[in-house]
Every structure is written in structure tokens, then in C-alpha cells.
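Work through the exercises below with the model open beside you. Try each task before you read its solution.

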2 protein chains.
Amino acid sequence: MSWVIASEKAKAILQHSVPKQWLLPPDKLPPASQKNVIDIPKRSGLLTDRELDITEMSASALVAGMGAGQLSAEEVVVAFLKRAVIGHQLLNFATEFIADDAISKAKELDAYFKKTGKLIGPLHGVPISIKEHIGVKGHTLNAGYTTWVDHIASEDALILQILSKAGAVFHVRTNQPQSLMHLCCTNNLTGTTVNPHNRTLSPGGSSGGEGASMGFKCAPLGIGTDIGGSIRAPAAFCGAYGFRPTAKRNPTTGLKSPAPGQEAILGVVGPLAANSLSDLELFQRTLLAAEPWEIETSLVPVPWKKVDIGRKFTVGILWEDGIVRPHPPITRALKHAKTQLQKAGIKVVDWEPYKHSHGWDIISKLYFPDAAQSQKALLSQTTEPTHPLTTWAFTRGSPSPLSIHETWALNTVRDIYRDEHAALMKQRGVDFILCPSYPGVAPGIGEAQYWLYTAIWNILDLPAVIFPSGMVVEERDLEEKMGESRGDVDDREWRKWEGDPRRYLGAPVGLQVVGGHFRDEEVIAAAGVIEVVCGENSRRAVL
Amino acid sequence: MSWVIASEKAKAILQHSVPKQWLLPPDKLPPASQKNVIDIPKRSGLLTDRELDITEMSASALVAGMGAGQLSAEEVVVAFLKRAVIGHQLLNFATEFIADDAISKAKELDAYFKKTGKLIGPLHGVPISIKEHIGVKGHTLNAGYTTWVDHIASEDALILQILSKAGAVFHVRTNQPQSLMHLCCTNNLTGTTVNPHNRTLSPGGSSGGEGASMGFKCAPLGIGTDIGGSIRAPAAFCGAYGFRPTAKRNPTTGLKSPAPGQEAILGVVGPLAANSLSDLELFQRTLLAAEPWEIETSLVPVPWKKVDIGRKFTVGILWEDGIVRPHPPITRALKHAKTQLQKAGIKVVDWEPYKHSHGWDIISKLYFPDAAQSQKALLSQTTEPTHPLTTWAFTRGSPSPLSIHETWALNTVRDIYRDEHAALMKQRGVDFILCPSYPGVAPGIGEAQYWLYTAIWNILDLPAVIFPSGMVVEERDLEEKMGESRGDVDDREWRKWEGDPRRYLGAPVGLQVVGGHFRDEEVIAAAGVIEVVCGENSRRAVL
């Protein structure tokens, strides 16, 4: 198959799926030059005030509203669909709408509630957007490869089956980059997704469609995947929340991957949230209550537990990783956090990073132990053009396939590194690490090259939460100058700031909180405390 | 280094370590032609009646006795050391005694108890024998390879550190076969270990020294490892108890392996017990109470839990695997178990095996994805002779190294197989599977070729317990004739029976109970019920 035909097919699937009745007419669309489109739903007049309110609510608040009979599942999904259609016009974040199924599911939920007076489950009527490579029965499942455009999922992914039983409504599938290995979002199927806060900037990746969906509030919750930052970069870049769980907690059966069976470094599936950190917890709690390990036996049978974290924990602040210094707005947000945490009586120490270069050396080889032959073979099937960021990713690791013995040696080194890092956290008495999500805020389209502020937690397999600091890039950040270089990579990333810092003005700053291995519950809880303490007192924090 | 010199060195280490004061003089040794040596401790006169009693006690009973001030740790370890020295003379099961350290640790424990009136931990004063490739600080750590005879462990293995803190006393290290991949026990270092019930038969392997140690009661508990049956075959062949936990529960840091970093099929470390199934539970409970996952982070943080299993469970009996039919005494023991379980009101159904050939196809390739190059390289370093069972093991899998893509494909097939088997157990409503441990009882030395009655649970990663059925091979078994052959492998294994069935007379029949993934606690509890129900009312069951 020609990649051009595959691409046309993917676009046709997408266009056919868009609920046309909710499209903004061309004359109501902002000019292409308008960067920030966050307020278009309000200004468009397409959504009623009630619908606008609905789409600003957290999943928990929506469920509560439906449980109280104040909201119907149908009006909720319609409100989010309307917002998602506008969002798609502005951001190109969807790969496929599944509006009819979503509305008919919502109607069933309403009928159930009317009949029984009860909610069907903890996600009753909650619209959730889903990254494309999470299989939906009967729909294309291409994982961003043109050659797979005709692959049709035979089943819903296990995670969708579980969430659906809990009442979730899936209304839109979202975009991802070619190869799934960019912190950006461009492929040869449906093109490039952009950032709702600034359409010249990247929404992040690989769950870039999810980033845009959350940033534009096309759903209160979304599902992404993460092997190097692919949930967290989009959440951070789009001013949303995201969670990378410890590996082997959330089920991945039914996800499409170019290298199934590769298990030296595991991708995870996890939630993003538009409005509320506690929605991440709701998602995880609901998912694990179904005991997915009884079906997908490679998961570990560790139930989700309720934690009461209090404020008696110690936060280590990782100011920089020794390879790339964060850009001024990131450091400003960390400094602010430190001050606020100390004011709140939470113990804060500096966290000296532990061998991040070593961590990168391991993970970059483990991403493509076959020198990306699996991925290249897929690309060559349609001779689709290889995106520069795909080439960038493929050339990070070993130029030739590793031998089995080399992969075994890396596994051993990886485990030692993990054990050493865990011992160090204990020795230093640090419960959580607060750190950048990326060297800067959302980069320009195609410019995301430095993964290690997120990928380091993948190689260490530590759970990590992104939350919006509440800060954005401001004029005062522009005055900050580069200090002592940490080397070539640092120089490269600083050029992206110093070349034209104004282009980032207004972009949100997301911070990352990292916890111990399998301390998933604790890290979400701690991030909740840190968010509140940092003065994020807007509606989103209290809903 | 020449393998001959390495071998002499290993023998010298061993001989030097034997506490000479407890050696039986040559004239008191039974003739080499005497097969069964189980009663030699009693007949030798070397052990006092009190010492004989001590060595017949379970670990729990010993701890209780020490807690009540009726036993001292020193007299306990001395009693077991005396028995172990005789055992070694008769069975060649030890690689090294660590008597002085053991006695001095016991004295410390006694002093602690005298001073505080308290036990130091749940294994206070319990002598435990340990398979050689579990590292002991400052001692050789050769894993059965002559080339490693000069390797000295820099630390105690994590499992030993934990058990030692709980009061365990390690008094003897035990033998293993070349390559660790025989269900038998011969190497070029310290030679061949034999079975205490019949010295012409194998003690099993690869934890064969542990099998002999348990069968002869040289310790109430032992530590073995298992990747295809290496804890369970020795336990079954020697009339003892053994437990293969689910992978990633027990810590393996500090164990020596010829292929570290190979993780597609994981070896596990676990307990054997001489006298009591509940000692397996004591071992596991104590080990996991230390939360080893806080140190060895690749372990899963699943605490050991107390279970009350009752009798409301369903047992599926796997009569044969469709490839090799068990020999007559095994089937007789299973039939007896069925009758007894039914009498006791426990639900019993037939368990139709699920694709065992497929399971073997996967695991045999995953054992040696590099076509055993790692192992062969080690052997070639000293040009030590390759034992026929080593060659047998190495030639089970792929004749040439697998590509990375082939290993990934096998991982995927493995996970699907595991998920299917788990779904089948649920669908059939079977909680536990009762099955053979091996086609027959202990085979002749060097004859163990068929691993699949144990290895199937390794590929499925299910916890499995061995318990002695209380039955032994009897005259009436000899009359049973071969029925319809299942094929060449079946013929081969039946020839081992029909060629000369009398040679197995008196050999114990061990049965295997298997539970669901991570149902480790439940499977030990269920085996306890099954053992009692099967009429195993001897002292060993009630201690």
C-alpha cells in the first residue's frame, strides 16, 4: 500500500467521523495566526453556559452531578463532544470521533439511572478521550504507522473494557506521532496536533492528542501511554495533569505496539486529567478495583489503596539533572514551590541527581535493542517519509542490533541502578522528588529532543505525576541569561530558549512529582498537597 | 585454570570444612551396597536420643522449644551438624560446612535469649542448609562451574541476610549439578550426590544437595532454586517438602547465575522442608515480613498474608500431561488422594492439561536463548568435561542463538499462554491442581530427562508445593503394565520403569499442588489440607 493512500484513508475515517452539526463555521474560526485558542469555546457561542460549565468540571464533580440527578450523561457527553469538535478544528488532535456510540452509551446510562436511581459505577457518564493505539473494537488500530491503517481491533483493549463497565463513555480517539517515540505529535496519517495555549508550540507527545484534549477540556479524563515521558510531556505542555504509574499495574492488553514482547523497558498506560489531580486517583482506583491482574497475569496483584499522606513527608527538589539546566520559568516555578512548601511546614531538601547520564545510556539502548529494525520495517512497508524526530529517536541508541548477551548485561545494570536509587532515597530521607518535566515549557513543533527529565523515571520505574504549577512564561523570565554551560546538549536546549524566548510567553509551566517504586498512591496524594500548597487555588484545584 | 585443579580445590575446601569430630568411623559406615540409609543416624549411636529427637522436629517446634527454654540453639545446631556430617559421608551432599560460624551464631542467640528472655526472631536458632550458588560472604561461589571455584562472594545473598536477622543459622552449603540445569546432582567439583532413600537413585536437582539434606534431616529447612523443577524434584524424590513461589516474590540478589539479566523465564529461590509443610509457610512469612522489595526493587511489593483456606475449594487432578504417563505408583497415589479428598467433602474434578507441549516449546527456548553460549563459554574456560545431562539440557532449545525479535515473539506467546491458562482455571472453577511431580519416583543417577511435570508451572509462573504422599513404591506397583503409548518420549520414560521396576521399591512418592498466579499463600494452605486429608498422619504432619 502506498503511504499516500493510507494517509488519505486515515483522513477519510477521521473526516467521516466528525459530528458535522457541531463544527464552527469558517467565519467563526479564529485566524490561523491566533496562537492561544483556549477561550474559543466560550467566545464561539456554540456551547451554552451550562455546557461550558459542564466542560470545566472534574470527573468526580460530573459523577456527583449525575448521581444527584442534576446532570444527564447525554448532556455531559454532548457538551464535551461539542467542545472536542471545536478543539479538533483548532488543534487537529483527533484521529476519530466515536460520537454515535458515545451518545447511545450515555442514553443507556441515563435509562439505567432513571430505572434504578443508581449510578452504574464510579465513572458513570464520564467522557474519556483515548490515544489511538489503544484498541477500540471494529476500528482502525494503526499506532501512527501508515502501514497499519487497515488493521482493525478485534476487541476493545482491556483497560477500555474495565472503564466502560465502570460507566466511562469514550467519545474521541486522539493523535500520536509516527513511531510513538516523539515528545511531539506529527504523523503521516492525520498530520500534526498543536498546543491549545499556543498553536505554534507542540502539545507534546507521544500522547499529544491527549495533551491537546486535556488542555482544551475536550474530556475531563484521557488515556495515554508513556515509555519516556509520553503522558507527562503532553500534560505539562498543555497545562494539564498526567500520571505515569509504576509498570505492571495498569493493563496493556489490546494496545498496539511496534515491538511487542520487548520487556526490558516497559511502556505504561495511564491517565491524563483536564481539571483535577484527584481525577487521576479516581481513574486509578476504578481501574485497579477491577483486579486486571486476574486477566492479564503479567500485572502485579497490588490493589489500589487509599492513603492519607498528611504533610509529614520530605520533598527533594531536583533543580537540574547536570546535563541540561531548565529554562528560567521552570526554575522560577521550582523556587516558588520551595518557598511555599517551607511556609507550609513541609520539609524540603535539595536533591542531587544520581547518575542521570548513566540512566540515559541504559534506557536509550533498551528502547531499540534491535536498532529500531522493527520500526524501520514498518515504515518501509509503505515507504512513508521518516519524520526527523523519528530519525532522532532511532539514532539515540545502538547503531546496530544488540546481542542477547548485551541486552542481558543492560538488564542487570538497569536493576542495579534502580536498587541504588531506591537506597539513596531512603538514605537521604527523601519521600518525593519535585523536578522539571522538561527543560522548558512546550517547545516549538518538531523541536522536542531532550527526554531525560521524564525518561529518567521510566528507567527507574518510579511513579510520577505532572501538575500545572499555575504559572506561565512571563516577561520577567525573558531577562534571565544563560550561566555556565553543562555542555553541548545544554547549549542546544538553551538555544531554543535564548533564540526567541518571547515565543513561549503565556505557555504553562507543569511540574513533576516522583515517588518510590510502587508508591503510586502516595505520589498522587503528595502531588495533591504540593499543588495546593503552591497556591494553585483556582477552581481546578478545588473541584 | 585446569578443571582438575579446580576440582581438587573444591574438594579441599569441602574436606577442610568437615567437622572431623563427628565423622562416623569407617567400620560403622554401612556397606556401599546398602541403598537405604535413612536409619543410619539412629543406628550409628553418634547422636543421642535427644539429638535424634531434635533432628526430627519441625522448625516451628524447634523455635517453640527454644522459646520455652527447653532447647538451646547450640545443642540444636550441633545435633543437625552431627546428622549432616553422617549424611555427607553417606550421600556426598555438602559442598562446604560452615560449622564454626554456625555454632558461634547459635551461642550468640543463646546469650541473647538468656539476657532478654526473648527470641531474636521467628527463625531463632533454626539450622538451614543452603544451595551453593546462594552467596555466602567470603566463601567460594561457583554455581557448579569449575571455572568459578575462585570466585568469592563479597556479600551474603540478600535472602541470607534477612533470614539471619530472623535468627536462622546456616551450617552447611549443598551440592548442585554442572550448569544448574539437571534434575539430578553431579558436577566436576565435588561429584555426585545420591538419594538417602536409595543410594542408587538420584536425589533430584538442581537443588539435589538440598533434597538429600531434607531427606536425611540434616536441617529442618533448606534453600533451593527452581527454574524448571529444581526445588520440587529434589523434594519429591527425597520424601520432603518444597515450594516454588511465584517469581519476583523472594529476593535473588547475591545468587550466582551463568546468565544474569536473562529475564524471559525467571529462576526463583525458595524453601525445602524436612518435616513439615507449615515450615514452608514459616520461611515465606519470615522472608517477606522483611519487605525485600524495598531493597531489591524488581520484586513485587506483595506482603505475605495469612489465609484460612477451609475446605471449600476445588481440586483438579491432572492425571497425565498427554506426553508422558506417570508410572504406576504415582497414579496410585493420585487415585488414593482423589478418594480421600472426596471422602473429606472436598470437590474434585479431572483437570485436562492445557497445551503442555506448547508450554515446553516456549520454555525450552527461553532457557537458552543464546543456544547456551553463556554456559558453554564457562565450561570451555577450564575445558571441564560436559556431563551428558548438561548436553541434554543445552540441546533442548534452539540449536542457534535466537534473534532479539524471536525472543520478543516468545515473550508474547508466553504471556498469552499464561493468560489463557488463568482464564481456563477460572472457567473450570478449579482452585488448585493436584498432579505428579515427575513421571516417576526418583530416577537412577543421570537418568532424569523429563522436566515438564514441574517446568510447566515455571512457564506458567504458578506457585507449586511438593509434599510426600506418605506412599512408597510397593510390590503391587510392579504388576502394572504399560497401556497405550503417548509417543516416543512416553516410551523412553516408561522403559525406565519397565526395564527394572524393582530398583524403585521403597522410594517415596511426592505429589505436587499448584495454585493460581500469586496465590502462594493459598497453595501452601491447600497442600496442608490435602496432605492431612490424604491420611498422612505420621508425626511429620502434625509437628
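Helices (H or I, at least four residues) and strands (E, at least two) are DSSP runs, numbered from the N terminus. This is a predicted model, in which local features need pLDDT of at least 70, side-chain atom pairs count only at pLDDT 80 or more, and totals for chains, interfaces and linings use all residues. Residues are numbered from 1 along each chain as its sequence is written, chains are lettered from A and ligands numbered from 1 in the order in which they are written, and side-chain values use heavy atoms, with hydrogens and water left out.

**Exercise 1. Cis peptide bonds**

Locate the cis peptide bond at A:Ser206 and the one at B:Ser206.

Solution. 
- In chain A, the bond from A:Gly205 to A:Ser206 is cis, with omega near 5 degrees. A:Ser206 sits in the loop between strand 5 (191–192) and helix 8 (208–215) of chain A.
- In chain B, B:Gly205 and B:Ser206 are joined by a cis peptide bond, and omega is about 5 degrees. B:Ser206 is in the loop between strand 5 (191–192) and helix 8 (208–215) of chain B.

**Exercise 2. The sheet of chain A**

Trace the sheet of chain A and name its edge strands.

Solution. 
- The order is 1-3-2-6-8-7-12-13-11-9-10, so read it as an open sheet of 11 strands with mixed pairing.
- The edge strands are strand 1 (94–97) and strand 10 (347–350) of chain A; each pairs on one side only.
- Check a parallel pair. Strand 2 (residues 127–131) of chain A is joined to strand 3 (residues 169–174) of chain A by five bridges. A:Ile128 stands opposite A:Phe170 in strand 3 of chain A.
- Check strand 12 (residues 464–472) of chain A. Seven of its nine residues are buried, so strand 12 is largely enclosed by the rest of the structure.
- Strand 12 of chain A runs antiparallel to strand 7 of chain A, with three bridges. It also runs antiparallel to strand 13 (residues 508–514) of chain A, with six bridges.
- A:Ala464 stands opposite A:Arg244. In strand 13 of chain A, the bridge partner of A:Ala464 is A:Val514.

**Exercise 3. The sheet of chain B**

Which strands of chain B stand at the edges of its sheet?

Solution. 
- Chain B has an open sheet of 11 strands in the order 1-3-2-6-8-7-12-13-11-9-10, with mixed pairing.
- Strand 1 (94–97) and strand 10 (347–350) of chain B stand at the edges. Each has a single partner strand, so one side of each is left without a neighbour in the sheet.
- Strand 2 (residues 127–131) and strand 6 (residues 221–226) of chain B pair in the parallel sense over three bridges. B:Ile130 has B:Ile223 as its bridge partner in strand 6 of chain B.

**Exercise 4. The interface**

How many salt bridges are counted between chain A and chain B?

Solution. 
- Apply the rule: a side-chain nitrogen of Lys or Arg within 4 Å of a carboxyl oxygen of Asp or Glu.
- The count between chain A and chain B is six.
- One example is B:Arg519 with A:Glu294, whose closest N and O atoms are 3.1 Å apart.
- Now find the elements on the side of chain A that touches chain B. Those giving two or more residues are helix 13 (373–382) and helix 15 (404–428) of chain A. Helix 15 of chain A gives the most, with 12 residues.

Terms used
Two strands pair if DSSP finds at least two bridges between them. Buried means under 20% relative accessible area, exposed over 50%, partly exposed in between (1.4 Å probe, protein chains only).
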